[in-house]
Amino acid sequence: MNVKRQFSNVEIGDFSNPPFAVIAALLSQIGGSVAKLRLSTIAEDRMSATFKELSDRIGQVGDLYARVHAIERSADWYLLKLTEELGELTAEHLLIAGRAKPNANGSGGTREALENEAADLFGQFVLYLRANEIDIEAAIERKWLRHLDKYVALGTEI
């Protein structure tokens, strides 16, 4: 199976984001349908997944993407990738706010582009958490949510 060859033939559109393009390429190799994937996996399940389920699915996409592109991920790679994605999100934010020059090819500067970069940053953050075995739910409870009762008791309105 020549996934790289097939990957280069994936149609650009809703699946132009690299992880989704990889899935589309892999599905086409096994006769699957991108449309069915989008409806059944993304649209219907996106709000019903627990964080663990979402993390597992993001992990699968990350693993497939790394395999297709022969990326060797290390502890440093995950952190550097987070930095890259934050930079891309920042660039889109500045384009939308009119504080950056438009891209030469006219791309970017849209709400969809901003959301896509936010998704990339979130996905890479989840991969970072998984690679470093960080239980983010426990950490958020310990670091953030423990303050909620204290502030409510002080009469601070939310």
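Select K52 first: this residue is exposed, with a relative accessible area of 53%. Exposed here denotes over 50% relative accessible area, buried denotes under 20%, and partly exposed lies in between, with a 1.4 Å probe and protein chains only. The model is a predicted one, in which local features need pLDDT of at least 70 and side-chain atom pairs count only at pLDDT 80 or more, while totals for chains, interfaces and linings use all residues. Residues are numbered from 1 along each chain as its sequence is written, and side-chain values use heavy atoms, with hydrogens and water left out.

**Stop 1: K52 and D56**

A salt bridge is a side-chain nitrogen of Lys or Arg within 4 Å of a carboxyl oxygen of Asp or Glu. Both residues belong to helix α4 (residues 51–68), where their spacing of four residues separates them by about one helical turn. D56 is partly exposed, at 30% relative accessible area.

**Stop 2: helix α4 and the residue after it**

Helices (H or I, at least four residues) and strands (E, at least two) are DSSP runs, numbered from the N terminus. How far apart are the end C-alpha atoms of α4? They are 25 Å apart, which agrees with the 26 Å that its 18 residues should span at 1.5 Å a residue. The expected span is 1.5 Å times one less than the number of residues in the helix. Colour the buried residues of α4 next: S55, I58, G59, V61, G62, A66 and V68.

Just after α4, select A70, which takes a positive phi of about 50° although it is not a glycine. A70 sits in the loop between α4 and α5 and is exposed, at 59% relative accessibility.

**Stop 3: K81 and E85**

Move on to helix α5 (residues 75–96), in which K81 and E85 are four residues apart and thus separated by about one helical turn. These two residues form a salt bridge whose closest N and O atoms are 3.7 Å apart. Is this pair buried or exposed? K81 counts as buried at 16% relative accessibility, and E85 is buried as well, at 5%.

**Stop 4: the loop between α5 and α6**

Select S107, found in the loop between α5 and α6. S107 is partly exposed, with a relative accessible area of 37%. Display the side chain of N105 too, with which the side chain of S107 makes a polar contact at 2.7 Å. Such a contact is a pair of N or O atoms within 3.5 Å; within protein, one must be able to donate a hydrogen and the other to accept it, and residues adjacent in sequence count only if both atoms are side-chain atoms. For a distance label, pick the C-alpha atoms of S107 and E92: they are 10.0 Å apart in space, and the residues are 15 apart in sequence.

**Stop 5: R111 and E115**

In helix α6 (residues 111–131), select R111 and E115, four residues apart and separated by about one helical turn. Their salt bridge has its closest N and O atoms 3.1 Å apart. E115 counts as partly exposed at 44% relative accessibility, whereas R111 is exposed at 58%. A search of the whole structure finds six salt bridges.

**Stop 6**

E133 lies in the loop between α6 and α7. This residue has a positive phi of about 50° although it is not a glycine, and it counts as exposed at 74% relative accessibility.

Proceed to L145 in helix α7 (residues 136–153), a partly exposed residue with a relative accessible area of 42%. Which residues make the nonpolar surface patch of about 340 Å²? Select I140, W144 and L145. Patches consist of residues with over 30% relative accessible area and no salt bridge; like charges are joined within 9 Å, and nonpolar side chains (Val, Leu, Ile, Met, Phe, Trp, Tyr) within 5 Å.

**Final view: the whole chain**

Clear the selection and show the chain, which has seven helices and zero strands. Buried residues make up 25% of its 158 residues. Among contacts (heavy atoms within 4.5 Å) with a separation of 6 or more, 52% join residues 24 or more positions apart.

Key
Accessible areas come from the Shrake-Rupley method with a 1.4 Å probe; for residues, only the protein chains shown count as cover.
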